[in-house]
Amino acid sequence: MATGQLFSRTTQALFYNYKQLPVQRMLDFDFLCGRETPSVAGIINPGGDGFQKLFFGQEEIAIPVHSTIEAACAAHPTADVFINFASFRSAAASSMSALKQPTIRVAAIIAEGVPESDAKQLIAFARANNKVVIGPATVGGIQAGAFKIGDTAGTIDNIIHCKLYRPGSVGFVSKSGGMSNELYNSIARVTDGIYEGIAIGGDVFPGSTLSDHVLRFNNIPQVKMIVVLGELGGRDEYSLVEALKQGKVNKPVVAWVSGTCARLFKSEVQFGHAGAKSGGEMESAQAKNQALREAGAIVPTSYEALEAAIKETFEKLVEEGKTTPVKEVVPPQIPEDLNTAIKSGKVRAPTHIISTISDDRGEEPCYAGVPMSSIVESGYGVGDVISLLWFKRSLPRYCTHFIEICIMLCADHGPCVSGAHNTIVTARAGKDLVSSLVSGLLTIGPRFGGAIDDAARYFKDAYDRGLTPYEFVEGMKKKGIRVPGIGHRIKRGDNKDKRVELLQLFARTHFPSVKYMEYAVQVETYTLSKANNLVMNVDGAIGSLFLDLLAGSGMFTKQEIDEIVEIGYLNGLFVLARSIGLIGHTFDQKRLKQPLYRHPWEDVLYTK
């Protein structure tokens, strides 16, 4: 066991099993104390490497993350404290691994419920190798103004209230972490505060004892008096009794063993800690208090009188000139986290993204305000979901059915079109699904798929301006622009695209108005008089019919319709639909285990 000070203002730790809040609290304490370097040198997260972003005062820093204890110790040889936040199942094994590293001097084990046999092995190894174990079942410890373990002493507000941002003159040791916070506060009220405080943990076999730390405090010149808080159960306090009797402690010791109320119960009582259970008269709080009092410790008559006893002892030391109260300092202001400040209403922060179509913050996701359960229970289809997410309203069933028909009809157009070809080539090159899909989607544009938007824009403009088909077509010709939605490589006037016919039949049957589609048909009649292949294609049919859907449904204003057409909603239908086919081609090539594609020489015209 160490015989003097465990920590200093330069002490650094390795934190095992990353927990954001306790690490950030350590760094905030560092800043509060005016440390130049963070007390956390590295984080050990089994199976993970990289960096973790945290704050050191106002500055954001990146703390290295290591996958193994060995790697962390090798990377940070000056870090000699191991803070273990592993569960009770793995805490012993990881702590033993750390203690076996030559750089680790102190291990703090936070988990409670570590098997007693494992705890005994850790204690034996630590004592044999002159190392210190704090815990198991501990909140840790703190050296005021220098270093703290994890969540010790609680929030920054509590630390400031207890004056732990600068060293005092009192050494404190307790079994209980929660009671440590109470005593830090009490001691700060009646003395100049804590110099070092340790919670050894409440398990039956703690890695270090009350007397171990009292003897350390006795060797630290800055510690002028010692406060001990024990509890019923076990016999740890008797080793302190022996040390006092043997004169090994020459500083005033104020002690209290809690649990005196246990005698009021007729049967044996188990208090909060595993070790807080009296196994006989000697382990009772009354017996241990009496033994400490007889050995020379200052023991009050009750816990309520403990603060007064501490105050009287400290004032006596000051009167005798054995200590001079530490001068008070003003700690720096810890910057408040943005999320905390927002919740408390202290600041207003602008958002960076606006979303009006979906919300997943409640019990279930909502599309345009409609809960997911309602969408399923109401039998909504893909068209209904598109109407909610794209148009932010529930469109009539004939509209959503039309959307679904468009998707089905445009899902694929064989393996030879540019999008499918690119997807197939990419899949055969061994690329993943997303890469193969994207390679096909990237070909969508004015010559492949993108004509839906342009068809809608030009047909709408011509119809709204009252142009005759002749004026529209000839006007486009003068501008050198082909009429979008008109023309097909294969189909002819006497062999029209079946998909176009299906869409037109559906619209004439269900739509209240098909004025834009009829205008497009008139344009087709005029273009067919020029050439038999200038037939309306599926882009033209969808583009014109979508205008009728928007205008005829009565659910969109003129401004909204103009905006939908301008933004490019209609091309979104083609992208969505064709994604289905492109994904299918990817799976098809993978399933067939097709080799890398190489274009045949005979299909290339080589020229000079």
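This is a predicted model: local features need pLDDT of at least 70, side-chain atom pairs count only at pLDDT 80 or more; totals for chains, interfaces and linings use all residues.

Me: In which sense do strand 15 and strand 16 pair?

Reply: Two strands pair if DSSP finds at least two bridges between them. Helices (H or I, at least four residues) and strands (E, at least two) are DSSP runs, numbered from the N terminus. Here strand 15 (residues 366-367) joins strand 16 over two bridges in the antiparallel sense. They belong to an open sheet of three strands in the order 14-15-16, with antiparallel pairing. Its edge strands, strand 14 (358-359) and strand 16 (370-371), each pair on one side only.

Me: What is the order of the strands in the open sheet of seven?

Reply: The order is 3-4-2-1-5-6-7, and the pairing is mixed. From one strand to the next, the twist averages 25 degrees. Axes are lines fitted to C-alpha atoms, for helices over the stretch in contact, and angles run from 0 to 180 degrees between N-to-C directions.

Me: Which strands of this sheet run parallel, and which antiparallel?

Reply: Strand 6 (residues 106-109) and strand 7 are parallel, with three bridges; there Ala 107 faces Val 133 of strand 7. Strand 2 (residues 40-44) and strand 4 (residues 59-66) also run parallel, joined by two bridges, and Ile 43 is opposite Val 65 in strand 4. Strand 3 and strand 4, by contrast, are antiparallel over seven bridges. These two form a hairpin with two residues between them, and Gly 57 in the turn has a positive phi of about 70 degrees.

Me: How is the crossing of helix 20 and helix 21 described?

Reply: The axes of helix 20 (residues 515-528) and helix 21 (residues 538-552) come within 7 Å and cross at roughly 155 degrees. Angles under 35 degrees count as roughly parallel, over 145 as roughly antiparallel, 65 to 115 as roughly perpendicular and the rest as oblique. Helix 20 and helix 21 are therefore roughly antiparallel to each other. Contact (heavy atoms within 4.5 Å) involves Lys 515, Tyr 516, Met 517 and Ala 520 of helix 20, and Ser 544, Leu 545, Leu 547, Asp 548 and Ala 551 of helix 21.

Me: At what angle do helix 17 and helix 21 pack?

Reply: Helix 17 (residues 451-464) packs against helix 21 at about 55 degrees, with the axes 8 Å apart. That angle makes helix 17 oblique to helix 21. Residues of helix 17 in this contact include Ala 451, Ile 452 and Phe 459, while those of helix 21 include Asp 539, Gly 540 and Leu 547.

Me: Into which domains is the chain divided?

Reply: Domain bounds come from an automatic or database domain assignment. The chain is divided into domain 1 (13-320), domain 2 (358-401) and domain 3 (411-592). The C-alpha centres of domain 1 and domain 3 are 73 Å apart.

Notes:
Residues are numbered from 1 along each chain as its sequence is written. Side-chain values use heavy atoms; hydrogens and water are left out.
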